[in-house]
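Here is a short briefing on selected side chains and ring contacts. Keep the structure open while reading.

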Amino acid sequence: MGERNDGPPARVRVLVAHDRNRELLAEWLGDTHEVVTGVDGRAAGEDGGDGDGPFTDTDFCLVDPEGFAAHRERLRTWKDEADPVFAPVVLVTEEPLSEGLDPESWESIDGLYVVDDVVQIPVEKAVLFRRLENLLSRRSLSTDLARSYERAEERFASLFHATPDPALVLSEGHVIYVNDAFCEEFAVDRDDIHWRHIAELDALPPSTRDGIESQIERVLAAEAGATEAIDDDGASPEDLREAAVDDGTDDTASTGSDADLDDAATAQAPDDRTETVVVERPDGEERYVETNVKPMILDDRRNVAVVMRDVTERRRRKRELERKNERLEEFASLVSHDLRNPIQVLDGRLSHLEEVDTDGEPFAGDESLADQVEPMRRSIDRMSDLVEDMLTLARQGTAVDETEVVDLPAVAEEAWTTTDVPEATLAVETDRSLAADPSRLRQLFENCFRNAVDHGPDDVTVRVGDLPDGRGVFVEDDGPGIPESERDAVFELGHTTSDDGTGLGLGIVSEIVDAHGWRISATENEHGGARFEIVTE
């Protein structure tokens, strides 16, 4: 008896004021325990210093009524600081309990009495040791449980802080744990937000805080409605990991301040534990964040873990795929609509030639074979133009991954060489350079120039220059211009006012501009001609 789990004998603090009893108890216990009398070596009844200070490395205390009265606050502090480890206090008294110490003096602290057992003296040594052994066994068990709890807490903390996504744990809406990723992502100090209510976290936009609070309420309500299916032991550290690695493939609801950022902002997720919100980073950038709420038990309280995963890139890829699908649909529409007419012309002319070849009858009127061939050749040329433009559209619609500094005048002059109109004139009135994809920038100029010569006079003049304040460039001509009612429609795929146009030229220009992250608009210049302004900032 008297050894702790790790080997050394138990340390007994004897706070007995009666000299003979103190000496006898110290002698009895000295064979199997480390005995300390008084407070840190001082004899009972002497000045003990700070009345609220804890005892050092004490396993249990023996007190008599006088010692208890003198050290009650120390005992209270010792037991309070030892919790959840059991810190036993044994009262030895010569008087029966009912006639001696008033039980009301054994004040309760968190459900534990300051005095845990009472031994009436004189008492046999074996009886005393058996009583103390029982208390030490309880202390040993509580120590093992506390260590297990500490290991579980350390494991939780390790998983929690290793989670690469921002995460926090809330108790009744207050922050009790926050991981390193959250502090780094939102530029906050862990101590500054500890125990603050989520509604007071200025690092998150108000709409995000409201959304998370509503989500937590729904999750806890659903949890309460399924109490029978919940393990009473609550969530383990693995539950946090499960929340952290959720792949988030379900469609989710989104709440945020900018409706343009999410065209599914009001869609409700089938699983209330996961939603998507819009958050603003310290640098002002708005990002899509998927929040996963997981109820869990910590410190005997039902709390919630909130893991926040940035899904901006995933949503970007999803939208890019949607745009590609839309483009495929546009291609299908163009093929079915714009190629149908020239194919029908070819089919009709070829049928007519077959009839002539069959019955040997000459062409009607003054028609010749050349009269039949020419429309077919025009139809073939138109189909070739459509195919070429659609291939160009397919190539130019993807996002620009790499750019280089391009000399704008040189690219514009090179693009002009494809304009086979000798009377037309190009005036480049800029010497700026531009970060762009050279091939796509040349295609942009070629299509703008082609639009000018197709819709303007043979001697049309095209100018390229800088927008005010260097915000971008413009391309304009002195042709008839674009009616105000059609200026937005000219960039739509398939829109054309020409019988032999494909309607893809300016649509391709718009795709190239979007791929660079620029903006384009159609207006008119001071002479009434068409003017395209491309904002590159």
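Over which ring does the charged end of Arg 138 sit? The ring is that of Phe 86, with the charged end 4.1 Å from its centre. This is a predicted model.

**Charges over rings**
- The charged end of Arg 138 is placed over the Phe 86 ring.
- Arg 315 has its charged end over the ring of Tyr 288, 4.3 Å from the ring centre.

**Aromatic pairs**
- There are four aromatic pairs in the structure.
- One of them joins Trp 416 and Phe 449: the ring centres are 5.3 Å apart and the planes meet at 75°, so this pair is edge-to-face.
- An angle over 60 degrees counts as edge-to-face.
- Trp 416 belongs to helix 11 (residues 408-416), whereas Phe 449 belongs to helix 12.
- The two residues are 33 apart, and their pair links distant parts of the chain.
- Trp 416 and Phe 449 are both buried.
- Phe 449 also pairs with Phe 445: the centres lie 5.8 Å apart and the planes are at 20°, so the pair is stacked.
- Planes under 30 degrees apart count as stacked.
- Phe 445 and Phe 449 are about one helical turn apart, because they are four residues apart in helix 12.
- Phe 445 is buried, as is Phe 449.
- Through ring pairs, Trp 416, Phe 445 and Phe 449 form a cluster.

**Asn 451 in helix 12**
- Helix 12 spans residues 438-455 and contains Asn 451.
- Is Asn 451 buried or exposed? Asn 451 has a relative accessible area of 15%, so it counts as buried.
- Beyond residues up to four places away in sequence, Asn 451 touches Leu 506 and Phe 532.

**Ala 199 in a loop**
- Ala 199 sits in the loop between helix 5 (190-193) and helix 6 (206-225).
- Its relative accessible area is 38%, so Ala 199 is partly exposed.
- Neighbours within four places in sequence aside, Ala 199 contacts Arg 209 and Glu 213.
- His 174 is 25 residues from Ala 199 along the chain, and their C-alpha atoms are 8.8 Å apart.

**Pro 122 in a loop**
- Where does Pro 122 lie? Pro 122 is in the loop between strand 7 (117-120) and helix 3 (125-162).
- Pro 122 is exposed, with a relative accessible area of 83%.
- Asn 21 is 101 residues from Pro 122 along the chain, with 9.4 Å between their C-alpha atoms.

How values were computed. Residues are numbered from 1 along each chain as its sequence is written. This is a predicted model: local features need pLDDT of at least 70, side-chain atom pairs count only at pLDDT 80 or more; totals for chains, interfaces and linings use all residues. Side-chain values use heavy atoms; hydrogens and water are left out. Buried means under 20% relative accessible area, exposed over 50%, partly exposed in between (1.4 Å probe, protein chains only). Contact means heavy atoms within 4.5 Å. Rings of Phe, Tyr and Trp (its six-membered ring) pair if their centres lie within 6.5 Å; planes under 30 degrees apart count as stacked, over 60 as edge-to-face and the rest as tilted. A charge sits over a ring if NZ of Lys or CZ of Arg is within 6 Å of the ring centre and within 35 degrees of the ring normal.
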